[in-house]
Amino acid sequence: MGRLAMTRYFALTAAALMLAVFAGCGGGDPDTTEAPSISQGRWAHTATLLEDGRVLIVGGNMSASGKLDSAEIYDPASGTWSSAGSMSDKRGEGHTATLLSDGRVLVFGETDEPTADIYDPATNQWSTVANLNFAREAASGTLLADGRVLVAGGLDATKAGREQVDSAEIFDPATGEWTLAASMANVNSNHKAILLGDGRVLLAGGMKTEIYDPETDSWSDAGTPDRERSWGYTADLLNDGRILVTGGVFLRGGWQGIPSAPIRNAEIYDFDTGAWERKADMNEPRGDHASALLKDGKVLVIAGSELEMYDPGSDTWTLAGKLMTERDLDEPLLTATVLSDGTVLIVGGKGEVDERARGLAAVEIYDPATFEAAE
C-alpha cells in the first residue's frame, strides 16, 4: 500500500483540524514575492542547488497517477526558468537526486526498474548509467567525502505493497558502476541521511537510527530518537554539526499500521555524544513539509501556508510569515532551496482542483532578511 492511499484514512479529519488552526492565525498579506511559475505543476519533486547557483527541479507528480520525467532549471540571475530536458524514466514521489562532486546530478528511484540517470548542467543533457542492484523508491542518496554516493534502504519497487529493505549500495561516478555495501541492521524507508563532519553518514528513520562508516563498510547503532517518525519529517545539519529533525507522521501498529496525524515534535542529534535531545515543539504540527538552513544558522520550516523559524541558540520557534499560495495542509510536498543571496526559492507542491489533487506551478521567494515578526 502506497503512502497516498494510507493517508486517506486520516486526511479529512487532520485537514479539518489544521484548517481550524490556521484560521485562528488570522489573515494578512503574504510574506513572499511571486516568481515566474514552472511550466508544469508538480509535487514531490526534487530540488538541487547546482554549483553555479541555479536550481534543478526534477520529476515529481502532476496528479496521483501522473508521474513526470521532465526537469527545469531556475536561474536567479535572470529570474527565469528553462527546460532541462527529460530523464529516461518518469520518477514521482520517492525518487532521489544527489549533487555529485563534479557538478552533475545523479537521479534514481521510483520506477519498477533499477535505472539511474545523470544530468550534466554544462551540456544540459541527460545520460543513463549502469542499473542499481535493486529497484528502490523512498531510499536515500548521500554524497560521500571521496565522491562516491551511498544509497541505503527504501522500498522494493518491484513488489505490490512495496516492502521495506535493509540493503545498501555505492555508486562510483569515476566508473559509472554500482557495488553492494554492507546491509543496515534494520529495514528503513522514507528516512533521512546526512553526511557528518567525520565522513560517516547518519541515517535517521522511524525509531531506528544508524551510522555508516565508509572506511570500514559497516553500520553501527546511533541511539533512539525521542519520537517515532515513519515519513514526512525533515532533517537539517546545523552549523555546529548537530542535526535538527522536525515533524512527520508515524504509523500505529507497525509498517502496515494506521498513520497518525502530523506531529509538532522537534529534536536534535549530537553525533559527538551520540545522543538525541528533545527540543521545543513547533508552533503547529507538520508533515511532508519543507525545511531549509538559512545563512544565519536558523532553520526555516514551510508547510501549507505558514512559515516558522527555529533558532538553535535559544531553542525557540518564531512564526515567520505566510505564503502567497496555500499548499495541501496534509501533504504539501513542496521544496525550499536557499539561494546564494540568502533568499529561499519555494517551488510547487500539492494543491486541489475540482476536489482532486494536482501539482502546483506556483513559485515564490522568501527573504528572511526583510521579514519582520509581529510584536
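**Strand pairing, nonpolar core and cavities in a predicted model**

Strands are DSSP runs of E with at least two residues, numbered from the N terminus. Two strands pair if DSSP finds at least two bridges between them. Asp 172 has Glu 177 of strand 17 as its bridge partner. The two strands form a hairpin with four residues between them. In the turn, Gly 176 has a positive phi of about 75°.

The model is predicted; local features need pLDDT of at least 70, side-chain atom pairs count only at pLDDT 80 or more, and totals for chains, interfaces and linings use all residues. Residues are numbered from 1 along each chain as its sequence is written, and side-chain values use heavy atoms, with hydrogens and water left out.

The largest nonpolar core has 15 residues. Such a core is a set of buried Ala, Val, Leu, Ile, Met, Phe, Trp, Tyr and Cys residues joined through side-chain atoms within 4.5 Å. Buried means under 20% relative accessible area, exposed over 50%, and partly exposed in between (1.4 Å probe, protein chains only). The residues with the most contacts inside the core are Leu 300, Ile 302, Leu 307, Val 344, Ile 346 and Tyr 366. Two or more core residues come from each of strand 28 (290-293), strand 29 (299-302), strand 30 (306-311), strand 32 (335-338) and strand 33 (344-347).

Strands 28 and 29 run antiparallel and are joined by four bridges. Ser 291 stands opposite Val 301 of strand 29. The hairpin of strands 28 and 29 has five residues between the strands, and Gly 297 takes a positive phi near 95°. Strands 29 and 30 also pair in the antiparallel sense, over four bridges. Here Leu 300 has Met 309 of strand 30 as its bridge partner. Three residues lie between strand 29 and strand 30 in their hairpin.

Side chains of strand 29 point two ways. Val 299 and Val 301 point one way, Leu 300 and Ile 302 the other, and all are buried. Contact means heavy atoms within 4.5 Å. Leaving aside neighbours within four places in sequence, the contacts of Leu 300 include Ala 290, Ala 292, Leu 307, Met 309, Val 344 and Tyr 366. Ser 291, Leu 294, Glu 308 and Ala 320 are also among them.

A search of the whole structure finds two cavities of 30 Å³ or more. On a 1 Å grid over the protein atoms alone, a cavity is a set of points where a 1.4 Å probe fits but cannot get out; lining residues have an atom within 4 Å of a point. Grid points are joined across faces, edges and corners, and a volume is the space filled by probe spheres set on the points.

The largest cavity has a volume of about 40 Å³. Its lining consists of Ala 204, Gly 205, Gly 206, Pro 225, Arg 227, Arg 229, Tyr 233, Val 245 and Trp 276. Five of these residues are nonpolar, two polar and two charged. Ala, Val, Leu, Ile, Met, Phe, Trp, Tyr, Cys and Pro count as nonpolar, Asp, Glu, Lys and Arg as charged, and the others, Gly among them, as polar.

The second largest cavity has a volume of about 30 Å³. Lys 192, Ala 193, Ile 194, Leu 202, Ala 204, Ala 235, Ile 243, Val 245 and Trp 276 form its lining. Strand 18 (192-195), strand 19 (201-205) and strand 23 (243-246) each give two or more residues to this lining. The largest share, three residues, comes from strand 18. By class, the lining has eight nonpolar, no polar and one charged residues.

Two residues other than glycine show a positive phi. Most residues other than glycine have a negative phi. Asp 315, not a glycine, has a positive phi of about 55°. Asp 315 lies in the loop between strand 30 and strand 31 (316-322) and is partly exposed, at 26% relative accessible area. Leu 333 has a phi near 50°, also positive. Leu 333 is placed in the loop between strand 31 and strand 32. With a relative accessible area of 11%, Leu 333 is buried.

Terms used
On a 1 Å grid over the protein atoms alone, a cavity is a set of points where a 1.4 Å probe fits but cannot get out, and a pocket is an open set with protein on both sides within 12 Å along at least five of seven lines; lining residues have an atom within 4 Å of a point.
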